Amino acid sequence: SRNMYTSLSDDVQAINDTLTTYASSSQSSGHGSDSYGWTHVASFGCGEVLTSSAVGSQGDVCYKESDSTINALMCNSELKIEFYETGDTLFVQLVDDDGELRDWHYDP
């Protein structure tokens with residue numbers, strides 16, 4: 001059976017592959033906000049992004065804004081993940097167990 005770290009690592013790699021493709025698409029260019037106000041804040045290309053700190057620069061395979069920057073950019077605790085290859089979009093709203101909105105955070 002796979003341990004939680006291996007599973008998380010596989011999931012992070014899959015998300016990175018999608019975000020890397022999205023960042024290089026003509027729709028977002030991977031910089032700043034798109035026409036709907038969404039901002040590219042991470043490309044999960046390495047384990048170093050699993051931190052609360054900023055890592056790398058936009059356009060890098062390994063890139064993440066700090067948790068505090070991500071929280072400052074978020075509206076209503078909402079995230080958008082685009083799966084470029086399939087054209088699917090996943091909207092996520094972060095909530096606690098009790099249903100209350102919560103901030104983005106990485107908790108090692």
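Cysteine 46 and cysteine 62 are joined by a disulfide, with 1.7 Å from S to S. Here a disulfide means a pair of cysteine sulfur atoms within 2.5 Å, and by this rule the count comes to one. This is a predicted model, in which local features need pLDDT of at least 70, side-chain atom pairs count only at pLDDT 80 or more, and totals for chains, interfaces and linings use all residues. Residues are numbered from 1 along each chain as its sequence is written, and side-chain values use heavy atoms, with hydrogens and water left out.

**The cysteines**

- Cysteine 46 sits in the loop between strand E1 (42–44) and strand E2 (62–64), while cysteine 62 belongs to strand E2, so the pair ties together parts that are 16 residues apart in sequence.
- Helices (H or I, at least four residues) and strands (E, at least two) are DSSP runs, numbered from the N terminus.
- A disulfide is a covalent bond between the sulfur atoms of two cysteines.
- Cysteine 46 and cysteine 62 are both buried; buried means under 20% relative accessible area, exposed over 50%, and partly exposed in between (1.4 Å probe, protein chains only).
- Cysteine 75, with a relative accessible area of 58%, is exposed.

**The salt bridge**

- Lysine 64 and aspartate 67 meet through their side chains in a salt bridge, at 2.7 Å from N to O.
- The term stands for a side-chain nitrogen of Lys or Arg within 4 Å of a carboxyl oxygen of Asp or Glu, and that rule gives a count of one salt bridge.
- Both partners, lysine 64 and aspartate 67, are buried.

- Most residues other than glycine have a negative phi.
- Asparagine 76 has a positive phi, near 60 degrees, and is not a glycine.
- Serine 77, also not a glycine, has a positive phi of about 55 degrees.
- You can find asparagine 76 in the loop between helix H2 (67–73) and strand E3 (78–83), and serine 77 is in the loop between H2 and E3 too.
- Asparagine 76 counts as partly exposed because its relative accessibility is 41%, whereas serine 77 counts as buried because its value is 10%.

**What asparagine 76 meets**

- Setting aside neighbours within four places in sequence, asparagine 76 is in contact (heavy atoms within 4.5 Å) with Gln93 and Leu101.
- Asparagine 76 and glutamine 93 are 17 residues apart along the chain, and their C-alpha atoms are separated by 7.5 Å.
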